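This briefing covers selected features of the structure shown below.

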Amino acid sequence: MHDSDDTGRTRRRFLRAAAAAGVIGVAGCNTPGEGGDGTGTATEGATDSDGGGTDSPEQIGSGRSPFGDREVGGTTIEEMPDLEGELTVYSGRGEALVGELVGFIEDRYSDFTVRPLYNTAAELVSQIETEGANSPADVFYSVNAGALGTLAERGRTQTLPQEVLEFVPSNFRDPDGEWLGTSGRARSIPYNTDTFSASDIPTDIMSFPDTDAFAGEIGWTPTYSSFQAFITAMRILEGEDATREWLNGMQELGVSAYGDEFQISRAVADGEVSVGLANHYYVQRVVARRSNAPLATAFTRNDAGAIFNVAGACVLDTASDSTLASNFVRHLLSAEAQDYFARSTFEYPLVPAVDPIGRLPPIDELNPPENVDLSQLADLEETISLLRETGAL
Amino acid sequence: MATEHQSADDGTDQGNQLPLGASIAAAAVSAAVLLPVLWLLRVGLGVGFDSAVALLTRPTTLEVFVNSALLVALTTAACVAIGVPLAYLTVRTDLPFRRFWTIAVSLPLVIPSYVGAFAFVSAFGPQGGFQRLLAPLGVERLPEIYGLEGTVLILTLYTYPYVYITARASLKSMDTTLIDAARTLEHDRWETFRRVTIPQIRPAVAAGALLSALYVLADFGTPSIMRYDVFTRVIFVEFGTFGRDTAVLLSLQLVAVTVFILWLESRVRGEERTTAGGRSRALVPLGTWRYPAVIPVAAVAGLALVVPVAILVSWLVATGPTANQSLAFEWSYALNSVTVSTAAAAVAVVTGIPVAYLSARHEGRLPDAFERLSYIGYAVPGVVLGLALVFFGSAYATPIYQTLYLLVFAYVIRFLPQSVGSLRASFLSVDPSLPEAARTLGQTSTGAFRYVTLPLVAPGLFGGAALVFLTTMKELPATLLLRPSGFTTLVTHIWTAYESGYFGQAAIPALVLLLVSGLSMLVILRQEGYDVK
């Protein structure tokens with residue numbers, strides 16, 4: 001049975017590779033129902049996890065990248081175990097950002113159904129917690145490591161298989177293997193190019209409060225999860241006192257509070273403030289829509305301001321079929337999915353064989369601080385009390 | 001319904017003997033409304049009080065409390081100042097195109113206030129679209145829209161319809177022969193309004209103002225976008241950092257503030273046992289002011305509706321072909337919205353009748369308690385109510401968990417006070433001697449209710465249904481938590497686009513939301529033809 005299955009697969013693979021060579025980048029060229037009767041084993045995809053799959057991955061979606069086509073390495077979906085059954089995915093990532101990807105994976109298999117529930121990551125954590133053992137959720141897909149770490153800490157996750165974990169470098173996954181990152185986001189400094197040039201932006205986040213040019217011109221987002229993770233990193237790296245001093249200094253500088261980081265990025269583009277603190281892809285999203293916006297990104301070096309966080313996934317303790325659930329997570333690490341993140345959400349792919357796209361430095365040119373474990377960023381309690389104590393919240 | 005009113009009109013109308021059927025029905029409704037609070041208490045009491053005390057005694061607590069109080073007081077006053085004159089103009093005067101204006105000034109209720117806030121910031125922010133328009137004239141920066149004034153402006157524009165709709169229902173069912181009588185007693189028009197009309201509509205205006213006040217108190221989105229620091233932000237921060245239990249505990253604090261506001265309202269609404277017939281006479285001619293009077297009406301509707309729609313459409317045009325395919329609009333979203341909203345409105349009115357009827361017709365603690373309790377679900381933030389039902393649904397009602405039944409149940413619990421408030425004000429304005437007269441003419445008590453009382457309260461009934469319908473159309477937090485997988489409404493679609501930064505694509509569902517709500521309002525208002533002549 002395995003033999004005949006593999007033969008069929010090889011033929012399809014050949015046809016697909018031939019087709020892909022001609023039509024890559026054309027929307028909707030995937031064929032639903034692929035491998036519906038397949039009985040793929042759990043070891044299949046892992047052998048290629050260090051890159052160099054033999055297939056050409058096909059592109060998900062319309063190929064609307066403003067940054068052009070490219071070659072993509074990694075393990076293709078074709079090389080992964082088939083998915084079969086019904087899966088409830090609680091997604092803290094927006095339907096507009098990942099709906100197409102989830103739909104693409106679902107359409108590959110005729111006997112596979114995803115029941116997605118979209119909400120904010122924090123509310124889904126509350127929902128999973130409230131549902132307790134009755135939760136219908138199998139997989140939780142999160143915008144940040146914090147939500148995943150919280151669920152792991154509360155004992156609501158299952159350890160992922162080693163061969164799935166090995167897709168991403170160890171700094172992008174939980175040390176105990178309870179969750180892993182699927183795409184990355186760097187902290188960055190959006191600035192208005194009418195006011196500043198790149199050399200005006202300090203490369204040390206701790207010197208921001210002393211930068212007089214930023215007085216009354218800088219924005220932050222004290223209620224926003226990525227900002228809070230950044231402050232947590234600062235606490236870990238610089239200590240409580242230095243962080244308190246930084247928070248006070250920023251407020252003496254006349255920092256403006258915004259609701260979210262997309263709002264900040266637009267405010268910087270509009271000149272409402274001249275510089276801000278935000279995740280890197282918000283700037284890319286503004287630029288993708290307003291190509292002449294006077295907006296650019298700077299990165300600090302080797303400090304809390306350069307922290308590199310991940311969006312990722314975990315399998316919940318209530319999952320009814322944990323093999324199916326972890327194989328779905330594996331699909332998020334396929335060449336197709338990783339390419340999709342780079343192209344559509346302007347994030348950093350985490351599978352080393354797939355490069356980022358756009359006006360971004362490659363992942364190894366970033367200078368994130370060493371010695372910060374992403375799961376430590378889930379510890380927000382001290383951060384919140386520090387933010388409150390200093391009046392930032 | 002049939003048995004509920006059997007003993008209601010047995011001559012002991014204002015007496016203390018409660019009709020059994022109506023009491024049981026009202027008690028059942030109150031019990032359902034109390035479910036979420038049970039969960040709040042269960043979770044809240046599980047939290048160490050130390051952390052709660054620490055939160056309550058931190059230095060900014062007083063400031064945040066004063067901010068919230070200011071916001072609620074100013075917004076509520078502004079809602080009354082706008083809602084009552086608009087209701088008077090569209091009900092009692094010969095304003096041109098009254099039906100059109102009635103719908104237009106009700107519609108701001110369907111625009112989620114965070115969308116409104118967001119649009120206003122984009123339009124009138126220091127360097128927003130409006131400033132760019134004025135830039136050639138040398139305008140470099142507009143006055144600050146952020147802060148208290150801006151927040152009051154936005155919340156007023158999107159919550160005054162509560163006052164408008166309840167005041168309108170009350171004016172429609174008011175006995176205008178009283179006005180004629182006052183006029184024959186040589187009161188001028190203003191004095192008549194002050195001495196006759198205001199006391200008549202006061203319970204309704206108070207009910208509407210209460211809804212506005214509680215909405216403002218529990219809203220998070222608008223103050224966040226307008227950068228004004230209030231109470232709900234503390235709760236929001238706890239939720240954002242996975243501190244669900246603390247957030248729930250803090251929501252109990254909101255419930256406490258709500259109880260205070262409910263008490264305040266019962267003092268303000270004053271002498272209530274005003275009764276009237278329902279005879280309405282000719283409209284007040286505006287004379288030379290007939291057309292100029294359209295200007296303020298159009299200005300309010302224009303500001304509240306045109307600004308967000310114009311901003312969204314301008315983004316849609318700017319976005320053009322790079323639109324996100326996952327966000328393609330489907331008409332089924334509109335159908336989904338209308339279906340659940342209609343169901344919620346119908347159930348909220350039917351379950352609201354016994355509560356409102358008892359409270360309007362009978363003195364005593366129990367009827368009062370039933371009525372006041374109906375506000376509880378409205379007072380807690382939507383997320384908290386949603387989670388409470390997540391708990392009960394997943395633990396005790398698995399077959400209906402993540403189905404439309406539980407979702408509609410959530411809407412009813414959340415919006416019940418809107419139908420109760422509107423119905424109650426109308427029951428108060430029915431002269432009890434009228435159903436009594438019907439009884440003496442041989443009608444059964446059910447018949448008297450059906451043929452006399454019900455037609456007299458029809459404006460309140462449809463006003464209540466309209467309120468529940470419009471607010472369900474825009475409800476987001478509970479919908480996100482309780483909807484079945486793949487169930488998309490207009491508002492969840494707007495949220496999806498908004499949250500991912502595809503603002504332009506929020507324009508189509510927003511326009512459809514206005515269109516569909518407007519048409520539905522037309523249908524609801526046509527039913528009022530059922531009015532007595």
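The model is a predicted one.

**Packing of α14(B) and α23(B)**

- The crossing in which α14(B) passes α23(B) is right-handed.
- From α14(B), the contact uses Y333(B), A334(B), S337(B) and V338(B).
- From α23(B), the residues in this contact are P509(B), V512(B), V516(B) and S520(B).
- By class, the contact of α14(B) with α23(B) has six nonpolar residues and two polar ones, with no charged residue.

**Contact between chains A and B**

- Chain A contributes 43 residues to the contact and chain B contributes 39 residues.
- On the side of chain B that touches chain A, two or more residues come from each of α10 (221-225), α11 (231-240), α17 (382-396), α21 (477-482) and α22 (490-499) of chain B.
- The largest share of that side is from α17(B), with six residues.
- The side of chain B that touches chain A divides into 18 polar, 16 nonpolar and five charged residues.

**Annotated domain in chain B**

- An unreviewed UniProt entry carries the annotation "domain: ABC transmembrane type-1", which covers residues 65-265 and 334-524 of chain B.
- Residues 334-524 of chain B are 80% helix and 0% strand.
- The end C-alpha atoms of residues 334-524 of chain B lie 17 Å apart.

**Make-up of chain A**

- Chain A has twelve helices and twelve strands.
- Of the 393 residues in chain A, 57% are buried.
- Contacts in chain A between residues at least 6 apart in sequence join residues at least 24 apart in 79% of cases.

**Helix α3(A)**

- Helix α3 of chain A, residues 121-131, is mostly covered, with eleven of its eleven residues buried.
- Buried residues of α3(A) include A121(A), L124(A), V125(A) and I128(A), and also E123(A), E129(A) and E131(A).
- After α3(A) comes G132(A), which has a positive phi, near 60°.

Technical notes
Residues numbered from 1 in each chain as written. Chains lettered and ligands numbered in written order. Predicted model: local features only at pLDDT ≥ 70, side-chain atom pairs only at ≥ 80, totals over all residues. Contact = placed C-beta atoms within 7 Å. Helix = DSSP H or I, 4+ residues; strand = E, 2+ residues; numbered from the N terminus. Nonpolar A, V, L, I, M, F, W, Y, C, P; charged D, E, K, R; others polar. UniProt positions renumbered as here; feature names shortened; annotations may be inferred. Buried ≥ 20, exposed ≤ 12 C-beta atoms within 10 Å, placed from the backbone. Left-handed = near helix turned anticlockwise from the far one by under 90°.
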